[in-house]
Amino acid sequence: MGNVYAAGSPGGQPVTSPDSGVPLPPVTAPIPGGGGPGARPRPTGTATDVTKVPEHSLAKENHPGPFEELHKTCKDLFPMPFEGAKVVFNKPLSSHFHISHTVAMSSLTPPGYRFGCTYVGSKEFGTNTIGTNTPELQTFPVLIGEVDPGGSLNAQIIHQLTPNIRSKFIAQFKKAKLSDYQASADYKGSDYTASIDIGNISLINESGIVVGHYLQNITERCCLGAELVYQYGKDVPRGQIGALSLAGRYTGDKWQASLSVSPQTGHLNTCYYQNAGDGVQIGVELETSLRMQQSTATLGYQYDVSRANLSFKGSLDTNWCVGGVLEKKLDPIGCTLALSGYANHAKEGYKFGIGLLLG
């Protein structure tokens with residue numbers, strides 16, 4: 001599944017662990033303006049959130065990274081289609097603080113105005129990115145807030161306590177009351193990562209969820225790990241439930257294969273990534289649930305045309321769902337145009353979107 005806070009949930013709906021099948025609390029949207037935790041605010045005019053994997057070897061980083069990023073290289077290729085129209089304006093006020101304004105019109109989500117702000121501190125740490133031994137400088141703490149059209153507040157705090165320990169706290173407020181919260185801590189060893197996450201722990205209601213992760217490098221190219229999910233509460237069958245997932249990943253020079261399986265829930269998730277070169281990347285994901293007797297295979301790809309400042313992501317799955325997102329940086333205006341399309345041929349559902357990113 002990855003950490004509790006790993007996957008976003010559109011509309012604040014509960015998400016489910018892809019490895020264990022245990023329902024998780026809702027989480028907030030990504031950092032406004034893109035970039036990873038602790039990354040400095042994106043300079044004005046920078047185009048896209050697309051992750052570009054270097055042409056050189058993927059296997060140069062000896063650390064396995066966090067468990068939540070086990071399938072990340074493949075899943076980053078899949079587009080995130082949106083519906084309707086939206087305009088996003090990012091305004092950096094200083095090197096540490098920037099704000100964002102979003103106006104969206106959609107029939108699937110409440111239309112209106114969103115306000116977001118991000119503060120990045122001055123405590124610097126150097127971390128290696130995937131596929132390279134060059135340290136990337138990141139600064140902490142990071143404070144993120146966003147207010148949606150309904151008046152709900154999503155807040156995040158990310159802080160690198162030591163060179164080896166990173167913490168994160170997420171809270172969601174609705175109608176001036178705390179509705180959901182999650183906290184996590186990651187410990188980065190020399191060749192392993194250990195994490196613990198808690199979500200919505202309530203002493204009054206006697207409910208909550210605890211997730212533990214461990215990922216260990218076996219060789220320079222292979223890593224193995226496990227995840228343990230424990231949830232308790234009055235709404236949980238028999239008052240409590242636990243699920244163990246096992247996972248592994250093998251990384252080649254320009255390809256990567258990953259697997260996670262939960263014996264208790266009968267859930268299997270496999271991913272394969274291939275860097276085809278010349279700006280083309282391909283990923284395939286297979287999700288199988290023995291309990292539901294269902295399997296879904298998804299093919300995703302990304303094509304980057306650097307000379308045209310253009311990037312396209314597309315996907316096709318066995319449920320006859322086709323999606324794509326095109327991002328084009330418009331020079332010299334310094335903004336990015338996004339076109340989105342999604343079609344569910346089996347259910348005859350279609351949605352299209354257009355967006356403009358300024359700043």
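# Notebook: turns, hairpins and ring pairs

I began at Pro 332, which is in the loop between strand 19 (321–330) and strand 20 (335–344). Helices (H or I, at least four residues) and strands (E, at least two) are DSSP runs, numbered from the N terminus. The model is predicted: local features need pLDDT of at least 70, side-chain atom pairs need 80 or more, and totals for chains, interfaces and linings use all residues. Residues count from 1 along each chain as its sequence is written, and side-chain values use heavy atoms, with hydrogens and water left out.

I checked the bond into Pro 332. The peptide from Asp 331 to Pro 332 is cis, with omega near 0°. I found another cis peptide between Phe 140 and Pro 141, where omega is about -5°. Pro 141 belongs to strand 6, whereas Pro 332 is in a loop.

**Positive phi.** I looked next at backbone angles. Most residues other than glycine have a negative phi, and most peptide bonds are trans. Ala 176 is not a glycine, yet its phi is positive, about 65°. I placed Ala 176 in the loop between strand 8 (165–174) and strand 9 (177–188). Its relative accessibility is 80%, so Ala 176 is exposed; the cut-offs are under 20% relative accessible area for buried, over 50% for exposed, partly exposed in between (1.4 Å probe, protein chains only).

Arg 238 is another non-glycine with positive phi, about 60°. I traced Arg 238 to the loop between strand 12 (222–232) and strand 13 (240–251). Arg 238 counts as exposed because its relative accessibility is 86%.

**A buried loop serine.** I turned to Ser 152, in the loop between strand 6 and strand 7 (153–160). Is Ser 152 buried or exposed? Ser 152 has a relative accessible area of 11%, so I logged it as buried. I listed its contacts (heavy atoms within 4.5 Å), leaving out residues up to four places away in sequence. Ser 152 touches Glu 146, Val 147, Phe 173 and Lys 174. I also took the distance from Ser 152 to Lys 174: 4.7 Å, C-alpha to C-alpha, across 22 residues of sequence.

I followed the strand pairing (at least two DSSP bridges between two strands). Strand 3 (residues 84–92) and strand 4 (residues 97–105) run antiparallel, joined by eight bridges. Val 88 stands opposite Thr 102 in strand 4. Four residues separate the two strands of this hairpin, strand 3 and strand 4.

Strand 9 pairs with strand 10 (residues 192–202), antiparallel, over seven bridges. Lys 188 has Thr 193 of strand 10 as its bridge partner. Three residues lie between strand 9 and strand 10 in their hairpin.

Strand 10 also pairs with strand 11 (residues 207–217), antiparallel, over nine bridges. Ser 195 is bridged to His 213 in strand 11. This hairpin of strand 10 and strand 11 has four residues between the strands, and Glu 206 in it takes a positive phi near 55°.

**Aromatic rings.** How many aromatic pairs does a search of the whole structure find? I got eight. Rings of Phe, Tyr and Trp (its six-membered ring) pair if their centres lie within 6.5 Å; planes under 30 degrees apart are stacked, over 60 edge-to-face, the rest tilted. I picked out Phe 125 and Phe 140: their ring centres are 6.3 Å apart and their planes at 65°, so this pair is edge-to-face. Phe 125 is in strand 5 (residues 112–128) and Phe 140 in strand 6 (residues 135–147), so the pair ties together parts 15 residues apart in sequence. I found both Phe 125 and Phe 140 buried. Phe 140 is also the residue joined by a cis bond to Pro 141. Elsewhere, Tyr 187, Tyr 192 and Tyr 214 form one aromatic cluster.

**Whole chain and confidence.** The chain comes to one helix and 21 strands. It has 359 residues, and 42% of them count as buried. Among contacts between residues at least 6 apart in sequence, 41% join residues at least 24 apart.

The average pLDDT (the predictor's confidence in each residue, from 0 to 100) is 84, and 80% of the residues score at least 70. I marked two stretches with caution. Over residues 1–16, pLDDT stays under 50, and the model has 53 contacts beyond four places in sequence for them. Over residues 129–133, pLDDT also stays under 50, with 14 such contacts.
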